[in-house]
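Visitor: I have a chain open on my screen and would like to talk through some of its local details. Could you walk me through them?

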Amino acid sequence: MVYTARWGIIGTGWISERFFVDLLVDPSTRGVTDVVHKPVAVASRSVAKAGQFISDFGNGVQGVKPYGSYAALFADPDVDIVYIGTPHSLHYEVSLQALRAGKHVLCEKAFTINAAQARHLADYAKSHNLFLMEAVWTRFFPLALEFQKLLHEDKVIGAVRRVTTDLAHKFVPDVESRLYNPLLGGGALLDVGVYAMTWIQMICYQHPDNKKSRPSVINSTILKAPLTGVDESTVITMVWDKPHIISTATCSIAVNSPEECLVRVQGDLGEIVLPISTARPTEFIVKIYATAEGEPDDVKTHEFPIPGPTGLFWEADAVARDVRDGKIVDDIYPVEESVFVMEVFDEVRRQNNFVYPAEIEFVEKK
């Protein structure tokens, strides 16, 4: 029997637009036959804005209700799962409201502003038997799953020794922009840094020998934006004792990443390189070093076309299956990993004296 996931969408920005469009893609085009998605409602600051969003991006879909408040959507009994696509600064507050209304939640990244907020959400969802996940869509790409299989199960490059990851996009400095405004959780770390960290998680944190241990060393450097003081460029180096790996993650909103290599995993037998982009990858390259002098390296490109506009539907499929099966934590991306990432980011900010305004760092009482 096919399960229908009934979604409510909070926020009408670009990422919500992309998610809405992907929900409407026929699942059979990506080989999915066990779940379908039904957008039930959209909430924005006004009914008119929500209605315009549905009209602009709904491809003629009928029956999607526009709401002028988040509370109205949370009160809708037809909504089973809430997708939260607001600015970072609202993720914690709005996710908590949704959970308190008894809704399952898929919240955009960065999950929260700090680890205490992430822990509160995770604990609340668990204690109330509600599904909760951060929307790190890249983790659900077939490419990402095959990448991890070749690396951790097949061990095609042998023992992993060193990892470098990056994501950087150049933005024009603007105090009103969410990228530069501290009140909106601005900065590279909580925006593009999540993606650089995602590949570190897949390679190092998820390494079979690591057994989900924390890194023994976290060293970081932040270059702050002169305009607003948010992190403009950030470097995070970590040491993973159990698998004996050193990793470096970099991110920036001041420059663009080099397109030819955003992830490099170096091992005893070879390396794996991921060209642009760490967020929406479509290929990776495996190079096995020659065993004899003068022989060429064995190089193979693994290509994974995305059968749709963006690729957000794979995470939606996973959430639908989890809710259908009564699970409150996803196997591929459990919420405890989101808490871990926020712990790392907290430490990076602590080391560099980077604090957000108190009004977005708050944690409500249990």
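Predicted model: local features only at pLDDT ≥ 70, side-chain atom pairs only at ≥ 80, totals over all residues.

Visitor: Which residue of S2 stands opposite threonine 4?
Guide: That is valine 36, which stands opposite threonine 4.

Visitor: And how many bridges are there between S1 and S4?
Guide: There are four bridges between S1 and strand S4, residues 81-84, and the pairing is again in the parallel sense. Within S4, tyrosine 83 is the bridge partner of isoleucine 9.

Visitor: Back to H1, then. How many of its residues are buried?
Guide: Eight of the ten residues of H1 are buried, so the helix is mostly covered. The buried residues are Ser16, Glu17, Arg18, Phe19, Phe20, Val21, Asp22 and Leu23.

Visitor: What do those buried residues pack against?
Guide: The buried residues of H1 pack against the strands S1, S2, S4 and S5, and also against helix H2 (47-57) and helix H8 (313-324).

Visitor: What does the side chain of arginine 349 reach?
Guide: The side chain of arginine 349 reaches the backbone oxygen of isoleucine 113, at 3.5 Å. If neighbours within four places in sequence are left aside, arginine 349 is in contact with Ile113, Asn114, Leu189, Phe354, Val355, Tyr356 and Glu361.

Visitor: Now serine 216. Where does that one sit?
Guide: Serine 216 is in the loop between helix H7 (193-205) and strand S8 (217-224). Its relative accessibility is 41%, a value between the 20% and 50% limits, so serine 216 counts as partly exposed.

Visitor: What does serine 216 touch?
Guide: Not counting residues up to four places away in sequence, serine 216 touches Val239 and Asp241. With aspartate 241 there is a polar contact of 3.0 Å, which joins the two side chains.

Visitor: And how far apart in space are serine 216 and leucine 227?
Guide: The two residues are eleven apart in sequence, and the C-alpha to C-alpha distance between serine 216 and leucine 227 is 34 Å.

Visitor: Let me jump to S10. Which way does it run relative to S9, parallel or antiparallel?
Guide: Strand S9, residues 231-240, and S10 run antiparallel and are joined by eight bridges. In S10, threonine 250 is the bridge partner of valine 235. The two strands form a hairpin with four residues between them.

Visitor: How does S10 pair with S7?
Guide: Strand S7, residues 160-168, pairs with S10, residues 245-252, in the parallel sense over seven bridges. Here cysteine 251 in S10 is the bridge partner of leucine 167.

Visitor: What about the phi of histidine 244?
Guide: Histidine 244 has a positive phi of about 60°, although it is not a glycine. This residue lies in the loop between S9 and S10. Its relative accessibility is 58%, which is over 50%, so histidine 244 counts as exposed.

Visitor: And asparagine 353, what is its phi?
Guide: Asparagine 353 has a positive phi of about 55°, and it is not a glycine. It lies in the loop between H9 and helix H10 (358-361), and with a relative accessible area of 62% asparagine 353 is exposed.

Visitor: Last one, on cis peptides. What is omega for the bond from lysine 109 to alanine 110?
Guide: That peptide bond is cis, with omega near -10°, and alanine 110 lies in the loop between strand S5 (104-107) and helix H5 (115-127). The peptide bond from isoleucine 276 to serine 277 is also cis, with omega near 20°, and serine 277 is in the loop between strand S12 (270-274) and strand S13 (283-288).

Note on methods. Residues numbered from 1 in each chain as written. Heavy atoms only, no water. Buried < 20%, exposed > 50% of the residue type's maximum accessible area, 1.4 Å probe, protein only. Contact = heavy atoms within 4.5 Å. Polar contact = N/O pair within 3.5 Å; in protein donor to acceptor, adjacent residues only side chain to side chain. Pairing = 2+ DSSP bridges.
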